[in-house]
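I opened this model to take notes on confidence, a sheet and the core. The entries follow in the order I looked things up.

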Amino acid sequence: MKKILCFILVICAAAASLAVSACAKDGNKSISAYNVFAIYDEEAQTLTGTLNFDYYNGTQNEIKDLKFNLYGNAFREGATYAPVSKTYENKAYYGGKSYGSMEITGVENCAGWTVAGEDQNVLTVNLIEPIYPEQRVQITISYILTLAKVNHRTGVTKTTVNLGNFYPILCAYSAEGFVECPYYYCGDPFLSDCANYSVTLDIPEKYTAASSGKLESESVNDGRKKCLYTLKNARDFAFVLSDKFEVISENVNGVTVNYYYVADTNAQVSLSAAVESLKYFSETFGDYIYPTLSVVQTGFCYGGMEYPALTMIADGLDSDNNIYTIVHENAHQWWYAMVGSDQINNAWQDEGLAEYSTLMFFEKNPSYGFTRTGIVKTATNSYRAFFSVYNQLNGSVDTSMNRKLCDYSGEFEYNNVTYNKGLILFDTLRNSIGDEKFLSGLKNYYKKNVCKIASADELYGCFIKSGTDLEGFFQSFTEGKILI
Ligand SMILES: [Zn+2]
């Protein structure tokens, strides 16, 4: 995700390694598959869906129950974890408070099912018999997603319909079992393993759908449009709908980049930033493995949000923030989408790297007007301002980076510790080991972990052979010992 930056208002301070099979470009049979059929009702603002889930047991254990995160249920009235903080409520709920939900209406081919978890956020499906490693089982989940009127990942905005997290998604599997993720408002509370997707969306004909997937077929009948999309080796799938989209496209390295926008007087520049950054990151880190990339301008209360092969960019950003956010969200295709990490407990790992990759792109492409020195200075000044304010208010500051999303006091602390300190960490590392070792470490990190979820140790491991005491280096940052 990207918060809206304060380039000028820097001092605005008031305010487990998880096992997944390696991926192949043509899809991997040894992973799970989501087959979704969903119908959008514009009047009711509901998405009625059927998920045929083909589970592949890629773990070392027998599995008796499957667990799915129901992120859509965080928008219901009375949720324990509100999906939006008080700070962003006015920006998110443009027409006043509004609620949604994700209701499970049935599960077939199972021994029973319940919706529970810390915040009615987890569907548990009891299987008829245990599934052993490398075996498969198919279940069918029926659900109704009701959308709130909200500028957020899942919601109806003034001009678009954001369909992030629109289906029950299997919880990632760790050494402790399936990881349940309540919808913390700080950061991106999502963790899922890669799977193959086939999604059919039935929408009013007037809508254009921006999608994570490649359009395989489309049929129009009686004012409705049915579109089938596919995507291989992806850890999520999202759509944005609008009847107001304009679309421009460009092909780069065989990838079709589509820019969907509602109002952008510099649309061609925005598309170029998306295309050039995709090209740069592919050359610098490793191949982009999806056939398309949808960059989508939409109603959103933060700067932007990443999904595999789709990024949401908030409408109404000024031109600097717009370009910066497009590049930052594109960087997440490498650090989050292709190389996953634990976004719940180590948010700095993908956010710090996305920020630093953005810096690297602008350093190579000075025409956008950003410099390495300028970006590092902005991050450092902002971090120091945060440190100073918190120190004055509380007498001490928690600057640890290896903590859970719910352990941050709010977005201000979260932004500074994950984005700004994360960026400073990678810049300090680069200064210490040199450009060559830094770049080869990142290439190695991508190569070893593409389509997996990489632990922080695995990230450290990719730099460790460069000779310096890097374990101590990383710990001094993540445990909050270093003074910046
Ligand atoms: Zn981000």
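Confidence. I am working from a predicted model. I looked up the pLDDT and found a chain average of 94, with 94% of the residues at 70 or above.

Sheet. I traced an open sheet of five strands, ordered S18-S19-S20-S22-S21, with mixed pairing. I checked the edges and found S18 (246-252) and S21 (304-307) there; each has a single partner strand, so one side of each has no neighbour in the sheet. From one strand to the next, I noted an average twist of 15°. S18 runs antiparallel to S19 (residues 255-261), and I noted seven bridges between them. For Asn251, I found Thr256 of S19 as the bridge partner.

Helices on the sheet. I followed H2 (residues 267-284) across S18, S19 and S20 (292-298); H2 runs at about 150° to S19. H3 (residues 319-331) lies across S20, S21 and S22 (310-314), and I noted about 155° between H3 and S22.

Core. I looked up the largest nonpolar core and found 147 residues in it. Phe239, Val240, Leu241 and Ala274 have the most contacts inside this core. Domain 1 (32-193) and domain 2 (356-478) both contribute residues, so the core lies between them. I then listed what Leu241 touches, leaving out residues up to four places away in sequence: Tyr40, Thr160, Val161, Leu163, Ile203, Tyr207 and Ala209.

Methods. Residues are numbered from 1 along each chain as its sequence is written. This is a predicted model: local features need pLDDT of at least 70, side-chain atom pairs count only at pLDDT 80 or more; totals for chains, interfaces and linings use all residues. A nonpolar core is a set of buried Ala, Val, Leu, Ile, Met, Phe, Trp, Tyr and Cys residues joined through C-beta atoms within 7 Å. A residue is buried if 20 or more other C-beta atoms lie within 10 Å of its own, exposed if 12 or fewer, and partly exposed in between; C-beta atoms are placed from the backbone. Domain bounds come from an automatic or database domain assignment. Two residues are in contact if their C-beta atoms, placed from the backbone, lie within 7 Å. pLDDT is the predictor's confidence in each residue, from 0 to 100. Two strands pair if DSSP finds at least two bridges between them. Helices (H or I, at least four residues) and strands (E, at least two) are DSSP runs, numbered from the N terminus. Axes are lines fitted to C-alpha atoms, for helices over the stretch in contact, and angles run from 0 to 180 degrees between N-to-C directions.
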